[in-house]
Amino acid sequence: MNDLNIEEIKLKLKNSVSSKIYEHCLRTMDESIKLAIKYDEDINKAKIAGLLHDCGKLINKNVGNLEHSILGAELAKNNYLIEDVDILNAIRYHTTGREAMTMLEKIVFIADKIEPNRSYPGVEEMRLLAYDNIDKAIIKSLRSTIEYVNKRNLELDIESVKSLDYLIKGGNNF
Ligand SMILES: [Fe+2]
Ligand SMILES: [Fe+2]
């Protein structure tokens, strides 16, 4: 699937992001593996996608919050030699989600928000929900993101709204 093995990927990542982000990536990787087991997804794909989801947060570059996912998918392809489109999309859409997300995309999206170091009001409920009904967990997470962004007049990516609408309408197909 890819020319680099997991240790090479880890080393490359460690050298390009801060130690704080690197540790978060490792925890997101572990959480993605657990979710993959729960939801019958490919464990190796979940492992790589979870590990690389924030590879766009380069230590030597000021990358915006929405941009880092797009850059991350590009780097995953060009620097980490990931060819699997599902993995690349899981990285590309981990911040906003999108309509008709695949299970791998859902896993990385929510693993990022519930990895053990995450702490925010409602995180425990989110952790339980993620393993009970991943769609409901994503709906809850998108709602609170949209609320947060609106309250602070920050930039809202239309993809977040579209993802939420799609899930609410029950468009998911698992
Ligand atoms: Fe991220
Ligand atoms: Fe992250």
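I start with Cys-55, which sits in the loop between helix 3 and helix 4. Helices here are DSSP runs of H or I with at least four residues, numbered from the N terminus. This is a predicted model, in which local features need pLDDT of at least 70, side-chain atom pairs count only at pLDDT 80 or more, and totals for chains, interfaces and linings use all residues. Residues are numbered from 1 along each chain as its sequence is written, and chains are lettered from A and ligands numbered from 1 in the order in which they are written.

Is Cys-55 buried or exposed? Cys-55 counts as buried because it has 27 C-beta neighbours inside 10 Å. The cut-offs: buried takes 20 or more other C-beta atoms within 10 Å of the residue's own, exposed 12 or fewer, partly exposed lies in between, and C-beta atoms are placed from the backbone.

Leaving out residues up to four places away in sequence, the contacts of Cys-55 include Leu-13, Val-17, Leu-75 and Tyr-80. Contact means that the two C-beta atoms, placed from the backbone, lie within 7 Å.

Next, helix 5, residues 85-92. Its buried residues are Ile-87, Ala-90, Ile-91 and Arg-92. They pack against helix 3 (43-52), helix 4 (67-78) and helix 6 (103-114).

Last, two residues that are not glycine but have positive phi. Asp-40, with phi near 60°, is in the loop between helix 2 (19-38) and helix 3. Asp-40 is exposed, with 9 other C-beta atoms within 10 Å. Ala-100 has a phi of about 50° and lies in the loop between helix 5 and helix 6. Ala-100 is exposed too, with 12 other C-beta atoms within 10 Å.
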